[in-house]
Amino acid sequence: MQHSTATMDAATRVEDLTALHGTLEGAPLLAAVHRAFGGRVALVSSFGTESAVLLALAAEATPDFPVIFVNTGKLFGETLRYRDQLVTTLGLTDVREVGPTEDDLAAGDPQGMLFTRDYDACCHLRKTVPLDRALIGLDAWVTGRKRFQATTRAALPLFEAEGGRIKINPLAAWDKDRLETEFTRRGLPRHPLEADGYLSIGCFTCTERVAPGADPRSGRWAGSAKTECGIHMTTIGTAR
């Protein structure tokens, strides 16, 4: 199988980054990658239940660390208010809200009910396509994924190559206890829906409360085999 030059370059960059920064974490790692990519890197955040820690680390590294927020048009109002609260609390100065355009929706989901027929197509239209556009001109992006969140993430590396770009997972090795400790130490506000049993929060159309002791992401697309929205699969820069 042939690989594009961009993909091979990204794979080489992953090896270099791992060698240089593989022992760093938190704000020092984010500051290092911000310098390494000359600002051509952004943190992609859902402003969900665990997002505050990574956003706080980014703000500590540099308040103007670019943050991309994908607004699908079907998010909980609590998530939008939580976003505003965190931006103010942390002093983030470069939060970029993106989402599907009117043309996207007119062509792909004119009635706004695509989620009832095809979860994957809806996520692609409302999340993956807008993010793909937002990543143009960037060489890398930062995610808040962690190995403990789901079995599909158990082998998550610190750096990975995808679609010719580098994905950076600064909290890959963090567990729930460490996150909780950081929330407390920094006095970070909680997502208002977390106390009501929503442990992984996406669109209100496809998010349910999580049963005690269940996989934190089991409330997403409940009753289906779907585990990822498409953002964290190899779809960036490609067509579905």
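Mentor: A salt bridge here is a side-chain nitrogen of Lys or Arg within 4 Å of a carboxyl oxygen of Asp or Glu. Keep in mind that this is a predicted model. With that cut-off, a search of the whole structure turns up 17 salt bridges.

Let's start at Glu50, whose side chain meets that of Lys176 in a salt bridge at 3.5 Å, N to O. This pair ties together distant parts of the chain: Glu50 sits in the loop between strand 1 and helix 3, while Lys176 belongs to helix 7 (residues 176-186), 126 residues apart. Lys176 has 31% relative accessibility, so it counts as partly exposed.

Glu50 has another partner too: its side chain meets that of Lys146 in a salt bridge of 3.0 Å, N to O. That one also links distant parts of the chain, with Lys146 in the loop between strand 4 (140-142) and strand 5 (159-162), 96 residues from Glu50. Here both Lys146 and Glu50 are buried.

Glu50, Lys146, Lys176, Glu180, Arg190 and Glu194 are linked in a network of salt bridges. One of its pairs is Glu194 with Arg190, whose side chains meet at 3.8 Å, N to O. Glu194 is buried, since its relative accessible area is 16%, whereas Arg190 is partly exposed because its value is 33%.

What about the nonpolar side of things? The largest nonpolar core has 39 residues, and Phe159, Ile166 and Ile168 have the most contacts inside it. Helix 3 (residues 51-61) supplies the largest share of this core, 8 residues. Phe159 touches, among others, Val14, Leu17, Leu29 and Val33, and also Ile166 and Ile168, leaving aside residues up to four places away in sequence. Apart from that core lies another, of 9 residues, including Ala42, Val70, Leu135 and Trp141.

Notes: Residues are numbered from 1 along each chain as its sequence is written. This is a predicted model: local features need pLDDT of at least 70, side-chain atom pairs count only at pLDDT 80 or more; totals for chains, interfaces and linings use all residues. Side-chain values use heavy atoms; hydrogens and water are left out. A nonpolar core is a set of buried Ala, Val, Leu, Ile, Met, Phe, Trp, Tyr and Cys residues joined through side-chain atoms within 4.5 Å. Buried means under 20% relative accessible area, exposed over 50%, partly exposed in between (1.4 Å probe, protein chains only). Helices (H or I, at least four residues) and strands (E, at least two) are DSSP runs, numbered from the N terminus. Contact means heavy atoms within 4.5 Å.
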